[in-house]
Amino acid sequence: MFKKNERGSAVLVALIAIVALIVIAAMLVVPKYNKLVTGEETVDAAWAQVENQLQRRFDLVPNLVNTVKGYAEHEEEIFTQIADARTQYGNANTVEETADANNELSSALARLLVVVENYPNLKADVQFTRLMDELAGTENRLTVARKDYNDTVQQFNNDVRRFPGNLIAGMFSFEQKDYFEIKEGVEEAPAVDFGD
C-alpha cells in the first residue's frame with residue numbers, strides 16, 4: 001500500500017512539473033509572438049502611409065503634366081515616360097515593384113523639371129507653381145513615410161532574426177520584410193540634352 005502512494009505522488013509531481021514547463025514555455029512564447037504580430041501590423045501600417053503618399057503623388061502628376069503640355073507640346077517623350085511610370089506604379093503588387101515604379105516616376109519627373117527650365121512663362125504660371133508646391137510637399141511627406149516604413153521594417157526584422165524571436169518567428173511563419181529602397185543613381189538628376 002505504501003508503494004501505491006509513492007507511485008501516485010511521483011505521477012503527481014511529474015504532472016506538476018509538466019504543467020509548470022508548459023506555463024513557463026507559454027510565458028516565454030506568448031509575449032514574443034504578440035510582439036511579432038504587433039511589429040508586422042506596424043510595418044503594414046507604415047507601408048499604408050507610403051502608399052498613401054505615393055497615391056497622392058500619382059494623382060498630382062497628371063495635373064502637372066497637363067499644365068506643362070500647354071507650354072511644351074514637343075516634349076512628348078517625357079510625357080510618355082511619365083505615363084509609363086504611372087502605369088508601372090498602378091500595376092505594382094510588391095514593395096520591390098512599387099519601389100521600382102517610384103524610381104521610374106522620380107526619374108521621369110526629374111527630366112520633366114529639366115524641361116520646365118526651358119519655359120520661363122511656365123515657371124511663372126500660378127497653377128504650375130501651385131502644383132509644384134503640392135508636389136514638393138508630397139515628396140517631403142513621402143520621404144518621411146518611407147523612412148518611417150524602413151524604421152519599422154528594421155525593428156521587425158531584428159525581432160524576427162534575434163534569439164529567441166527567430167525560433168518563434170520560424171514556428172509561426174513570420175518572415176523578414178523588404179525595405180523600400182531606391183536604386184543607385186536615381187537620386188541624381190538625369191542629363192537631358194536638347195542639342196543636335
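## Chatting through a helical model

Me: Hi! How many salt bridges does the structure hold?
Reply: Hello! The structure holds five salt bridges. Bear in mind that this is a predicted model.

Me: Thanks. Which residue does Asp159 form a salt bridge with?
Reply: Its partner is Lys35, and the closest N and O atoms are 3.6 Å apart. Asp159 lies in helix 5 and Lys35 in helix 1, so this pair ties together parts that are 124 residues apart in sequence.

Me: And is Asp159 buried or exposed?
Reply: Asp159 counts as buried, at 4% relative accessibility. Lys35, on the other hand, counts as partly exposed at 40%.

Me: What about Glu139, where does its side chain go?
Reply: The side chains of Glu139 and Arg57 meet in a salt bridge, with 2.6 Å from N to O. Since Glu139 lies in helix 5 and Arg57 in helix 1, the pair ties together parts that are 82 residues apart in sequence.

Me: Why does Arg57 count as buried?
Reply: Because its relative accessibility is 2%, and buried means under 20%. Glu139 counts as partly exposed, at 24%.

Me: What else is Arg57 in contact with?
Reply: Leaving aside neighbours within four places in sequence, Arg57 is in contact with several residues, among them Asn102, Leu105, Ser106 and Leu109. Leu135, Thr138 and Leu142 are also included, along with Glu139.

Me: Nice. Which residue pairs with Asp151?
Reply: Asp151 forms a salt bridge with Lys147, the closest N and O atoms being 2.6 Å apart. Both lie in helix 5, four residues apart, which is about one turn of the helix. Asp151 is partly exposed, with a relative accessible area of 35%.

Me: Switching to the overall fold: how many helices and strands are there?
Reply: The protein chain has six helices and zero strands. Of its 196 residues, 32% count as buried. Among contacts between residues at least 6 apart in sequence, 79% join residues at least 24 apart.

Me: Now the aromatics. How many pairs are there?
Reply: The count comes to six aromatic pairs. In one of them, the rings of Phe58 and Tyr89 have their centres 5.1 Å apart and their planes at 45°, so the pair is tilted. Phe58 lies in helix 1 and Tyr89 in helix 2 (residues 76-91), so this pair ties together parts 31 residues apart in sequence. Both Phe58 and Tyr89 are buried.

Me: Which residues do ring pairs link into a cluster?
Reply: Tyr33, Phe156, Phe172 and Phe174. Val37 lies in helix 1 (residues 2-71) and counts as partly exposed, at 30% relative accessibility.

Me: Backbone next. Where is the cis peptide bond?
Reply: A cis peptide bond joins Phe163 and Pro164, with omega about 0°. Pro164 lies in the loop between helix 5 (126-161) and helix 6 (165-171).

Me: And what is phi of Ser173?
Reply: Phi of Ser173 is near 60°, a positive value in a residue other than glycine. Most residues other than glycine have a negative phi. Ser173 sits in the segment after helix 6 and is exposed, with a relative accessible area of 59%.

Me: Last one: what is the mean pLDDT?
Reply: The mean for the protein chain is 86, and 90% of its residues reach 70 or more. Over residues 189-196 the pLDDT is below 50, and beyond near neighbours in sequence this stretch has nine contacts in the model. Where pLDDT is low, the predicted coordinates should not be read in detail.

Definitions and conventions
Residues numbered from 1 in each chain as written. Predicted model: local features only at pLDDT ≥ 70, side-chain atom pairs only at ≥ 80, totals over all residues. Heavy atoms only, no water. Helix = DSSP H or I, 4+ residues; strand = E, 2+ residues; numbered from the N terminus. Buried < 20%, exposed > 50% of the residue type's maximum accessible area, 1.4 Å probe, protein only. pLDDT = per-residue confidence, 0-100. Contact = heavy atoms within 4.5 Å. Phe/Tyr/Trp six-rings, centres within 6.5 Å; stacked < 30°, edge-to-face > 60°. Salt bridge = Lys/Arg side-chain N within 4 Å of Asp/Glu carboxyl O.
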